[in-house]
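Please keep the sequence and the three-dimensional view at hand while reading.

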Amino acid sequence: MERYVCIHGHFYQPPRENAWLEEIEQQEAAAPFHDWNQKINTECYKTNTVARILNTQNEIVDIVNNHAKISFNYGPTLLSWQKKYAPFTYQAIIEGDIESRKNFGGHGSAMAQVYNHIIMPLANKRDKETQVIWGIKDFESHYGRKPEGMWLAEAAVDTESLEVMAQFGIKFTVLAPNQAKRFRKIGGEEWYNGIETRRSYICNLPSGKKIALFFYDGEVSQGVAFKGYLNDGKKFAHELANAFYHNAGFPQLVHIATDGESYGHHHKLGEMALAYCLRYIEENNLAKITNYSQYLELCPPEFEVEIHENSSWSCAHGVERWRSNCGCSTGGGAGWHQHWRKPLREGLDVVRDELIKVYETEMRKYHLKPWALRNEYIEVILDRSNYNIDKFFKKHFENLVITPEIKTNIMRLLEMQRQALLMYTSCAWFFNEISGLETVQVLQYANRALQLGERVSGKLVEDKFLDILEKAPSNERKYVNGKKIYNELVSPTRLSLTKVGMHYAVASLFSEDVEKIDVLNYHAENEYFDRLEAGVQKMALGRTTICSNITFSRKPFSFIVLYLGQHQIFGSAVEDFPADKFEEMAKKSKKYFKESNLAEVLHIIQTSFPNATNFSILELFKDDKIKVLNQILEASLEQAANSYSQIYERDYNILNLMRTKHLPVPFLLKRNLEVVIEKEIEDFFEKKSLDTHKLKTLSDEVSLWHVPLNKEELALSASRRLKELMNFYFLDDSQTKLLTKISEIISCLKTMDIYPSISDLQNILFKVSKIVLPNWKTEIKNNPNLENDKKIFLDLCKQVNLIVE
């Protein structure tokens, strides 16, 4: 009988976007990357699209897309991020699914996922339906086909969730072996406890519908995740092969499921072990590689199964990890507990239920079926272009006169519901502490949902929510409880159009083109704007309307802001300020600014606007705050660099003499020399023309003076530039001088013990080799000079450990 192997990767990151800005702000813990998505994309998602296969000499002999040979799902919110910020990875994932259809009889390997990873058994039926519908629609928008399978967050399951999936056309899902209650032959009478994982099953649902279920091999899956199977691709392959029964009498499927991040993030180079394992299984005929959909077609279920209700793959107590102190956690300090989980769940349930009342009451003013409308809102989430939003309103509000106010109310209500779904993202309960990043994130979504509900209905629910959060104890003494965490870490992040306007006002001081200021999810429409500069001082003033790109809410305001240098910024803004009074204020302030009478300008800022809101540089959003502060410091950095260089050039010879005569070199002057050398290496990778002789000289200086370098940062700079050079060659493969330059740079860096990531370079070389090597075979006969080009190309391949012939 046939033997099949299927490896499933659940690739997922919780949504990390600021609830108002819809962008991920810088996360210092992910340094040197901007955020965790970017870090894990580099370590895992991208590497699985270009996984290396090595020979016995540890040379790269092939680069493959693992997605074409495994089963996988990507969380919808993660995939949307990749489409925008990691397009290479995104496109390769889509191509992997296309390739998998060729490999597996027309069945794509990608599975859908419930939209934002909520624990389905703890959701009400309406939320379950929306999660499934949104998950399907999101999948179709990316992969261009209907999904056959759907992944449940944490594999958490109950019968109602299976009913909903079956109702909307999902054919199968994958569960852990402990989630099976019992099974029997279809048509048989005797039930057997537990499960046999090497086949598929039918689950007969109360409605009369059916859904296929797979229960993965728990032991091998645990081995991949926690027992080192990914240290050796060959060992991994044999562990899978050894899981088959001998002479089983039926077509066996050995299949595993783990977090996809096991392959590269949790286990470095795990993607290579996976690629080698798949290749080894195929080349040694240990089994046939398949995916779940193909196996279902080839080997329809012969047994039926019943599940344990409210069970999951990551909690021994069912789904208690997401509502109680069950004992499942990720560790923490001595005496830590998770008593906070229950009040967190209860508090969010109160928010949800109160906002249901708001939604039904307010949306029925515009639409007879508010919940069906919410299900359709995924059309807007996937495409927020004005054209598509107009199309949405025409489709669903055909007989309604849409005024700007009505449009904003409808969008606020729908966004309120989206945020109310996001606040149930499972990661909030998974870890050990309520003040953790993931829990604070869902509290921010709750805050945004409450804000939108208040704007539409005037109904205040937050106090009730906070009373419950006060009962959620923190393990961190400084936070005490959930209420304090909410007030200190969440409430200050709440944005209003006024706060966005303050950001715009401060940003306008430094932007070259105020019309192009990026306010992320908002934009500004200027009625009047002017900016004056006098030396380091700047002043900006304007009458501007801030508009939300999500809800289309609008707020006009007037502002004046003064920059005195360094971080000293003073500003004032007010709504509904008469145009004539603004014109008078602007005239006076510009006059005083031109006279350098800053005291009078400050007086105007403090007194001209009644009931004004004052603001400073602190009003800038986090990423822009970092950008502007760096911009402010740029002149000082340049001045410091020039001073260091002057001292270096003036004193280098005497310092060198002291070194050669083994005399002690003054510490400050030695440190100055080190800083200059490192700065010159940094600058080397920023220059348009790269002089490799200069880099060699710097390398000699590093060795001579034993300069301690920030090798990680320099490696990142070098990686980016090497990739850029290789892309130039990809566009014009006659530029063999570029290959020589790349080779020299890598050699120089090696002498400084700097090892840039050359994976992108290898990927491009491998891709180019598929084009140029066949061409050279025929062209060299007519043009012998190409022999030298070929040698340079192959030498670089060898230098970066790539075998292409």
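## A network of charged side chains

Glu22, Arg384, Glu415 and Arg418 are joined in a network of salt bridges. A salt bridge is a side-chain nitrogen of Lys or Arg within 4 Å of a carboxyl oxygen of Asp or Glu. In general terms, side chains of opposite charge can pair when their charged atoms come close. The structure holds 55 salt bridges.

The model is predicted, so local features need pLDDT of at least 70 and side-chain atom pairs count only at pLDDT 80 or more, while totals for chains, interfaces and linings use all residues. Residues are numbered from 1 along each chain as its sequence is written, and side-chain values use heavy atoms, with hydrogens and water left out.

Which residue forms a salt bridge with aspartate 62? The partner is arginine 279, and the closest N and O atoms are 2.6 Å apart. Aspartate 62 belongs to strand β3 (residues 60–64) and arginine 279 to helix α8 (residues 270–283), so the pair ties together parts that are 217 residues apart in sequence. Helices (H or I, at least four residues) and strands (E, at least two) are DSSP runs, numbered from the N terminus. Aspartate 62 is buried, at a relative accessible area of 18%, and arginine 279 is partly exposed, at 25%. Here, buried means under 20% relative accessible area, exposed means over 50%, and partly exposed lies in between (1.4 Å probe, protein chains only).

A salt bridge also connects the side chains of glutamate 306 and arginine 182, with an N to O distance of 2.8 Å. This pair links distant parts of the chain, since glutamate 306 is in strand β14 (residues 303–307) and arginine 182 is in strand β8 (residues 180–185), 124 residues apart. Glutamate 306 is partly exposed, with a relative accessible area of 27%, and arginine 182 counts as partly exposed at 27% relative accessibility. In a further salt bridge, lysine 395 meets glutamate 376 at 3.9 Å, N to O. Lysine 395 lies in helix α13 (residues 386–396) and glutamate 376 in helix α11 (residues 370–376), 19 residues apart. Lysine 395 is exposed, with a relative accessible area of 51%, whereas glutamate 376 is partly exposed, with 27%.

Two strands pair if DSSP finds at least two bridges between them. Strands of a sheet pair through backbone hydrogen bonds, either parallel or antiparallel.

In which sense do strand β10 and β14 pair, parallel or antiparallel? Strand β10 (residues 201–204) and β14 pair in the parallel sense over two bridges. The bridge partner of isoleucine 202 in β14 is glutamate 304.

## Backbone features in loops

A cis peptide bond joins alanine 31 and proline 32, with omega about 10 degrees. Proline 32 is found in the loop between β1 (3–11) and α1 (36–45).

Asparagine 285 is a residue other than glycine with a positive phi, near 50 degrees. This asparagine 285 is placed in the loop between α8 and β13 (288–289), and at 67% relative accessibility it counts as exposed. Asparagine 310 is not a glycine either, yet its phi is positive, at about 50 degrees. The loop between β14 and α10 (341–363) contains asparagine 310, which is partly exposed, with a relative accessible area of 32%.

## A buried leucine

Is leucine 422 buried or exposed? Leucine 422, in helix α14 (residues 404–422), is buried, with a relative accessible area of 5%. Between the C-alpha atoms of leucine 422 and leucine 443, 21 residues apart along the chain, the separation is 9.7 Å.
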